[in-house]
Amino acid sequence: DHTEKMLKGFGANLEVETLQHKFPTFHGDTIHAETRVLEVTESKSKPDRGIVKVETKGFNQDGKEVCYFIRKVLIWKREFAPDRKRPYDGTDVWAD
C-alpha cells in the first residue's frame, strides 16, 4: 500500500489546506523552511500514528518569503517510529 511505503520515511501528506506562492523562485535559489505545529490529533484507525496540522513558510536565500502552506500529515508517534536512515550512501556527513 502506497501510504505504508510513505510512512517508512516520515509520514504521508493527507491534505493541503492552504498553498500560496508569494514570490518567484529561480534555478540556483536556496530555499529553507520554518514549520510550526498547529494541532495534533490521534489517528482513529492507526493507534501508532497521529495526524499533525502544520504551518510552513518557505524563504529564499535573501530571506524573502516565497511560499506559505498549511497541511495535515499522518506521522509516526515517537515510540513507534522506525529508525531514521539517510537516503544517501551511509557516509557520516559530520565525520572529520
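This briefing describes the strands, salt bridges and selected side chains of the structure above.

The model is predicted: local features need pLDDT of at least 70, side-chain atom pairs count only at pLDDT 80 or more, and totals for chains, interfaces and linings use all residues. Residues are numbered from 1 along each chain as its sequence is written, and side-chain values use heavy atoms, with hydrogens and water left out. An open sheet of four strands, ordered β1-β4-β3-β2, shows antiparallel pairing. Its edge strands are β1 (11-21) and β2, each of which pairs on one side only.

**Sheet and strand pairing**

- Strands are DSSP runs (E, at least two residues), numbered from the N terminus, and two strands pair if DSSP finds at least two bridges between them.
- Neighbouring strands of this sheet are turned by 20° against each other on average, direction ignored; axes are lines fitted to C-alpha atoms, for helices over the stretch in contact, and angles run from 0 to 180 degrees between N-to-C directions.
- Strand β2 (residues 32-42) pairs with β3 in the antiparallel sense over 10 bridges, and the two form a hairpin with six residues between them.
- Within this pairing, G50 in β3 is the bridge partner of E42, and E55 in β3 is the bridge partner of R36.
- Strand β4 (residues 65-76) runs antiparallel to β3 and is joined to it by 11 bridges; K72 in β4 is the bridge partner of K53.
- The hairpin of β3 and β4 has five residues between the strands, and G63 in the turn has a positive phi of about 85°.

- Strand β3 (residues 49-59) is largely enclosed by the rest of the structure, because nine of its 11 residues are buried (buried means under 20% relative accessible area, exposed over 50%, partly exposed in between, with a 1.4 Å probe and protein chains only).
- F69 is found in strand β4 and counts as buried at 18% relative accessibility.
- Leaving aside neighbours within four places in sequence, F69 is in contact with T18, L19, V54, E55 and T56, where contact means heavy atoms within 4.5 Å.
- The C-alpha atoms of F69 and V16 are separated by 7.3 Å, although these residues are 53 residues apart along the chain.

**Salt bridges**

- A search of the whole structure finds six salt bridges, each defined as a side-chain nitrogen of Lys or Arg within 4 Å of a carboxyl oxygen of Asp or Glu.
- One of them joins E15 and K72, with the closest N and O atoms 4.0 Å apart. Since E15 lies in strand β1 and K72 in strand β4, this pair ties together parts that are 57 residues apart in sequence.
- Both partners are partly exposed: E15 has a relative accessible area of 36%, and K72 has 24% relative accessibility.
- E65 and K22 also meet in a salt bridge, at 3.7 Å from N to O. E65 lies in strand β4 and K22 in the loop between β1 and β2, so the pair ties together parts that are 43 residues apart in sequence.
- K22 counts as partly exposed at 44% relative accessibility.

- R49 forms a salt bridge with D48, with the closest N and O atoms 3.1 Å apart.
- D48 counts as buried at 18% relative accessibility, and R49 counts as buried at 5%.
- The charged end of R49 also sits over the ring of W76, 4.4 Å from its centre; this requires NZ of Lys or CZ of Arg within 6 Å of the ring centre and within 35 degrees of the ring normal.
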